[in-house]
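Please look at the sequence and the structure before reading the points below.

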Amino acid sequence: MTRDIRGDARPVDAPDAPAAPPSGRRAMTGPTTRDELRLLLTADEVAALLRTTRKAVYAMAERAALPGAVRIGRRLLVHRDDLLRWLDERRAPSPGRTRR
């Protein structure tokens, strides 16, 4: 045990502060199926779903390139079903068999 600045005892191997979240892109965590997603998604949830940044989501909404986007004050919300339908429409076809 050691004593910190305030004189509180703590284990020697205890971290000084909680680890800061990584900056930049965030790992996809949380709900992954349509039933697990909320009806209205936040910019952070859309960014995780699209595997991009929050800033890119706001830029897409500003250009009207993000379906189902609604502004409520300064807050951006995206309708889940519109976003998932839009993604499904833009899905690339599976490559066929390769010719020999």
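Two strands pair if DSSP finds at least two bridges between them. Helices (H or I, at least four residues) and strands (E, at least two) are DSSP runs, numbered from the N terminus. The model is predicted: local features need pLDDT of at least 70, and side-chain atom pairs count only at pLDDT 80 or more, while totals for chains, interfaces and linings use all residues. Residues are numbered from 1 along each chain as its sequence is written, and side-chain values use heavy atoms, with hydrogens and water left out.

**Overall composition**
- The protein contains 3 helices and 5 strands, and from the N terminus the elements follow the order β-β-β-α-α-β-β-α.
- Of the 100 residues in the protein, 19% are buried (under 20% relative accessible area, with a 1.4 Å probe and protein chains only).

**The sheet**
- An open sheet is formed by 3 strands in the order E3-E5-E4, with antiparallel pairing.
- Strand E3 (40-42) and strand E4 (69-72) lie at the edges with a single partner strand each, so one side of each has no neighbour in the sheet.
- From one strand to the next, the twist averages 35° (angles run from 0 to 180 degrees between N-to-C directions, and axes are lines fitted to C-alpha atoms, for helices over the stretch in contact).

**Strand E5 and its partners**
- E3 and strand E5 (residues 75-79) run antiparallel and are joined by 3 bridges.
- Leucine 40 has histidine 79 in E5 as its bridge partner.
- Helix H3 (residues 80-89) packs on the sheet and touches E3 and E5, where contact means heavy atoms within 4.5 Å.
- The direction of H3 makes about 60° with that of E5.

Notes: Buried means under 20% relative accessible area, exposed over 50%, partly exposed in between (1.4 Å probe, protein chains only).
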